[in-house]
Amino acid sequence: MTALVSRTGRHQQRYEHGYRLVAGCIPYRYRLTGEGKCMEVLMISSQRGEGLLFPKGGWENDETVEEAACREALEEAGVRGLLQDMLGSWDFKSKRQQGVYCPEGLCRAYMFALAVTEQLDTWPEQHSRQRQWFAVSDAIGQCRHDWMRGALDQCVAYLAKIPSE
């Protein structure tokens with residue numbers, strides 16, 4: 001068995017027009033309830049413990065945006081699945097990501113829906129992150145930023161157009 005580890009460093013990060021490019025996903029599943037199926041989304045704690053997020057991180061030069069989104073879901077949330085279409089891109093400002101290539105801390109996140117097929121017992125960032133499933137109505141209240149709510153709204157609208165499992 002190969003040990004899973006997170007990529008580190010910024011030397012392969014993609015930047016475009018002053019934005020650090022990131023890729024991520026909204027992991028989802030359907031749970032049976034007394035009323036039928038309920039969609040749930042997976043959120044993770046930030047490494048600093050400042051609320052909940054969707055898995056996302058730097059899109060690197062040696063991978064596609066889809067590969068980066070899947071890698072981040074595995075590293076940060078310990079899930080694998082079937083990546084759906086891109087939901088869109090959202091711009092935001094990150095105090096933590098200010099640097100030489102991105103002095104303003106601007107980020108552009110390319111987000112996907114991820115139908116979770118496997119939830120691992122161990123994953124690279126398990127000691128620095130917690131994960132929790134939420135009904136969509138509860139997840140909206142957990143979103144710390146407007147762009148996250150927008151991505152979740154887009155995910156729900158996208159999934160409403162395709163048949164559920």
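**Exercise 1. Charges over rings**

Which ring does the charged end of Arg29 sit over, and at what distance from its centre?

Solution. Start with the rule: a charge sits over a ring if NZ of Lys or CZ of Arg is within 6 Å of the ring centre and within 35 degrees of the ring normal. For Arg29, the ring is that of Trp133, and the distance to its centre is 4.0 Å. Arg108 is placed over the face of Tyr19, 4.1 Å from the ring centre. The model is a predicted one, in which local features need pLDDT of at least 70 and side-chain atom pairs count only at pLDDT 80 or more, while totals for chains, interfaces and linings use all residues. Residues are numbered from 1 along each chain as its sequence is written, and side-chain values use heavy atoms, with hydrogens and water left out.

**Exercise 2. Aromatic pairs**

Describe the pair Trp59 and Tyr110, then the pair Phe92 and Trp147.

Solution. Rings of Phe, Tyr and Trp (its six-membered ring) pair if their centres lie within 6.5 Å; planes under 30 degrees apart are stacked, over 60 edge-to-face, and the rest tilted. The protein has three aromatic pairs by this rule. Trp59 and Tyr110 are edge-to-face, with 5.7 Å between centres and 80° between planes. Trp59 belongs to the loop between strand S5 (56-58) and helix H1 (65-77), and Tyr110 to strand S7, so this pair ties together parts 51 residues apart in sequence. Both Trp59 and Tyr110 are buried (under 20% relative accessible area with a 1.4 Å probe, protein chains only; exposed is over 50%, partly exposed in between). Phe92 and Trp147 are stacked, at 4.8 Å centre to centre and 5° between the planes. Since Phe92 is in strand S6 (residues 79-93) and Trp147 in helix H3 (residues 146-160), the pair ties together parts that are 55 residues apart in sequence. Phe92 and Trp147 are buried as well.

**Exercise 3. The partners of strand S3**

Which strands pair with S3?

Solution. Two strands pair if DSSP finds at least two bridges between them.

- S2 (residues 19-33) runs antiparallel to S3, with six bridges; a hairpin of two residues connects S2 to S3, and Leu32 faces Lys37.
- S8 (residues 131-135) pairs with S3 in the antiparallel sense over five bridges, with Val41 opposite Phe134.
- S4 (residues 52-53) is antiparallel to S3, joined by two bridges; Leu53 is the bridge partner of Ile44.

Last, check the cover of S3 (residues 36-45): eight of its ten residues are buried.

**Exercise 4. The nonpolar core**

Which residues touch the most other members of the largest nonpolar core?

Solution. A nonpolar core is a set of buried Ala, Val, Leu, Ile, Met, Phe, Trp, Tyr and Cys residues joined through side-chain atoms within 4.5 Å. The largest has 46 residues, and those touching the most other members are Ile26, Val41, Met43, Phe54, Met111 and Leu152. Strand S7 (residues 106-119) gives the largest share, nine residues. Now take Phe54: leaving out residues up to four places away in sequence, its contacts (heavy atoms within 4.5 Å) include Ile26, Val41, Glu76, Met111, Cys143 and Leu152. Finally, look at the whole protein: 47% of its 165 residues count as buried.

Conventions: Helix = DSSP H or I, 4+ residues; strand = E, 2+ residues; numbered from the N terminus.
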